[in-house]
Amino acid sequence: MASPAPITQQEPKHPQRPSLWAPTAGGTTVTMKDILDAIQSPGSTAADIAALPLPESYRAITVHKDETEMFTGRETRDKDPRESLHLDEVPLPELGPGEALVAVMASSVNYNSVWTSIFEPLPTFGFLERYGRVSELTGRHDLPYHIIGSDLSGVVLRTGPGVNAWRPGDEVVAHCLSVELESSDGHNDTMLDPEQRIWGFETNFGGLAEIALVKSNQLMPKPGHLSWEEAAAPGLVNSTAYRQLVSRNGAQMKQGDNVLIWGASGGLGSYATQFALAGGATPICVVSSPRKAEICRRMGAELIIDRSAEGYRFWRDEHTQDTREWKRFGKRIRELTGGEDVDIVFEHPGRETFGASVYVTRKGGTIVTCASTSGYDHQYDNRYLWMSLKRIIGSHFANYREAWEANRLVAKGRIHPTLSKVYSLEDTGQAAHDVHRNVHQGKVGVLCLAPEEGLGVRDTELRARHAEAINRFRNI
Ligand SMILES: NC(=O)c1ccc[n+]([C@@H]2O[C@H](COP(=O)([O-])OP(=O)(O)OC[C@H]3O[C@@H](n4cnc5c(N)ncnc54)[C@H](OP(=O)(O)O)[C@@H]3O)[C@@H](O)[C@H]2O)c1
C-alpha cells in the first residue's frame, strides 16, 4: 500500500483556497471545482461522475498528533478548538473493498468534534492507532493527522469492489457507524460489533472535508426536500436520539409518556423533542435561556423548564448533592404535568444532573443515557432506583437500521433539521468553539464543497409544505 504523502505545512491559520491541480494517471488533471461543476451541472449523468478523474489531494479539517499536549494546564472551558483545528491539504486515501469516496457538499459540527479538538477525555490518535492494527487496509487510518467530522451530505464519486447498492452520482447522507462485522457478536445489533467505531471520531477521513471515505453501509439517500447543509445536520444526533428514545434498544417511548429532555434545544435534545411530539408523548424540555425556551415552543413543546432562571443547584459542593434541589425540580415537573412524574429521562449532561434524573423518574420508569458532558463519574441515590424499580439504559449512536429509520422520518418531513447557523470550512474552528461554549442552538452546519447555502433541493413541493418547520431554528 502506498504510504501517504505528508500533509501540507500550514502557514497562515486559514490559507487561501490552494490550487488543486493534480495530475492523474492518464495525464489529465482535475480540480475540486471540476468535481463541483460536474455535480452541479443538471446534465451530468452517473457515467459522467464515474468518469471524473479523482484529485490526488483535497482540503480537510484536522487535528495534529504532535499538538495533543498544546492545552496542558488549561481548564476545559479555555481549550480553544480555533487553535487546534487546522485546514490542511491532505492526500486522497486509497479506496478499499466495501467503501465509497464521497464528494462532501456539507457537514456539521457534533460534540465529538469538540472532544477531539480539545483532546479530551483522550486524544483521538489512540483510536486511530488501535484501528490501524486491525488489518492492512485499516492501517490507512493511523496517520499523524486526524480528519474529523461524523456527518455529511454529498455525492458518491467512486465505490470500491463489492459495492452494489450505491453508484457514482448518488446523492447521499452518511451515518457514522463503522463496523467490521467479522465477529458473531454484532449480528443481532451492529452496535455490539467488537470493532464498532464512530466514523470521523474513532476513524480517520471524516466528513469535515471536501472528500470523505466511508463504508458503503454508512450511506443513506439524501432527503430530497433539503439543501445540502440541512441534509447534513441531523445524521449523528437524530440517529442517536432515535435509538435512545424510540428504538427497542432504547427507552421504547410510547404514546402518552412524559419525557424529560435535558438540553432540549441542543443537538440531541432538539431531535428528542421532535420524536416525543411526533410519537404522541409529552416532552418536558429543560433549557438554560428564554431564547432556547422559545425554540422549544416553536417545535411545539408546551412544558418548559429554564434551569438558569429557576436556579437549580443539584450539587452543594464538589462532593455533595443537594436532595432538596432534586425535590424542588421534581415538584416543578409535577406542576407542569398536572401532578405526574416522568416516564423517561433523556440523559446526557451526566454528573451534574444524573442524581436528579434518577430521583424524578416515576416508579418503573427509565433513565436512558448516552453521554456525560459534565463528568462521567455519576452519583445517584440507589434507593430511589431499586425501591422504585427504575431502569438505567446505556445507549450509544445507532445501528444502520435505526439510522435508516431516523433518516426516513426526515425524508418524509416528519422530523426536521434543527440547523441554526452555517459556517464555511475555513471557519470550522469557530463553529466548534460555539458548540464548546454552548452559545449555539440546535445544530451548526459547515459548507464543504457547496459554494453557498440553499443548494441541492430536489423536492420543492415537500419543502414548501414544511418550510416553516425547516427554518424554525434560523434567526432566533
Ligand atoms: N453516545 C452517543 O452516541 C452520542 C451521540 C451524540 C452526542 N453525544 C454526547 O452527548 C452530549 C450532548 O451532545 P449534543 O450534540 O446534544 O450537544 P449540544 O448541542 O451542546 O447540546 C447539549 C445541551 O445540553 C445542555 N447541557 C450541557 N451541560 C449541561 C449541564 N451541566 N446541565 C444541564 N444541561 C446541560 C445544554 O442545554 P441548555 O444550556 O439549554 O440546558 C446544551 O445545549 C455530548 O457530550 C456528546 O458528546 C453522545
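Is Y384 buried, partly exposed or exposed? Y384 is partly exposed, with a relative accessible area of 25%. Here buried means under 20% relative accessible area, exposed means over 50%, and partly exposed is in between, using a 1.4 Å probe and protein chains only.

This is a predicted model, in which local features need pLDDT of at least 70, side-chain atom pairs count only at pLDDT 80 or more, and totals for chains, interfaces and linings use all residues. Residues are numbered from 1 along each chain as its sequence is written, and side-chain values use heavy atoms, with hydrogens and water left out. Helices (H or I, at least four residues) and strands (E, at least two) are DSSP runs, numbered from the N terminus.

**Ligand site**

- The ligand has 26 residues around it, and S288, R307, T373, F397 and H440 come nearest. A residue is near a molecule if one of its heavy atoms lies within 4 Å of it.
- By class, this shell holds 11 nonpolar, 12 polar and three charged residues. Ala, Val, Leu, Ile, Met, Phe, Trp, Tyr, Cys and Pro count as nonpolar, Asp, Glu, Lys and Arg as charged, and the others, Gly among them, as polar.
- R307 places a polar side-chain atom 2.7 Å from an oxygen atom of the ligand. A polar contact is a pair of N or O atoms within 3.5 Å; within protein, one must be able to donate a hydrogen and the other to accept it, and residues adjacent in sequence count only if both atoms are side-chain atoms.
- The side chain of H396 has an N or O atom 2.9 Å from a nitrogen atom of the ligand.
- H440 has a side-chain N or O atom 2.7 Å from an oxygen atom of the ligand.
- Taken alone, the ligand exposes 910 Å², and the protein buries 90% of that. These accessible areas come from the Shrake-Rupley method with a 1.4 Å probe; for residues, only the protein chains shown count as cover.
- Helix 4, helix 7 (235-246) and helix 8 (267-278) are the elements that give two or more residues to the shell. Helix 7 gives the most, with three residues.

**Helix 4 and its surroundings**

- Helix 4 is mostly covered, with six of its eight residues buried. They are N112, S113, V114, T116, S117 and I118.
- F119 follows helix 4 and has a positive phi, near 60°.
- A cis peptide bond joins E120 and P121, with omega about -10°. P121 lies in the loop between helix 4 (111-118) and helix 5 (125-132).
- I118 and T76 are 42 residues apart along the chain, yet their C-alpha atoms are separated by 7.6 Å.
- T76 is in the loop between strand 3 (57-64) and helix 3 (81-84). T76 is partly exposed, at 33% relative accessibility.

**Aromatic rings**

- The count comes to 14 aromatic pairs. Rings of Phe, Tyr and Trp (its six-membered ring) pair if their centres lie within 6.5 Å; planes under 30 degrees apart count as stacked, over 60 as edge-to-face and the rest as tilted.
- F314 and F329 form an edge-to-face pair, because their ring centres are 5.5 Å apart and their planes stand at 70°.
- This pair links distant parts of the chain, 15 residues apart: F314 is in the loop between strand 15 (303-306) and helix 10 (323-337), and F329 is in helix 10.
- F314 is buried at 7% relative accessible area, and F329 is buried at 0%.
- Y359 and Y384 are also edge-to-face, at 4.9 Å centre to centre with 90° between the planes.
- Y359 lies in helix 11 (residues 354-360) and Y384 in helix 12 (residues 383-386), so the pair ties together parts 25 residues apart in sequence. Y359 is partly exposed, at 22%.
- W262, Y312, F314 and F329 form one aromatic cluster.
- K222 lies over the face of W228, 5.2 Å from the ring centre. A charge sits over a ring if NZ of Lys or CZ of Arg is within 6 Å of the ring centre and within 35 degrees of the ring normal.

**Positive phi in loops**

- F205 is not a glycine, but has a positive phi of about 65°. F205 sits in the loop between strand 10 (197-198) and strand 11 (211-215), and is buried at 2% relative accessible area.
- N438, not a glycine either, has a positive phi of about 60°. N438 is in the loop between helix 14 (428-436) and strand 20 (443-447), and is partly exposed at 37%.
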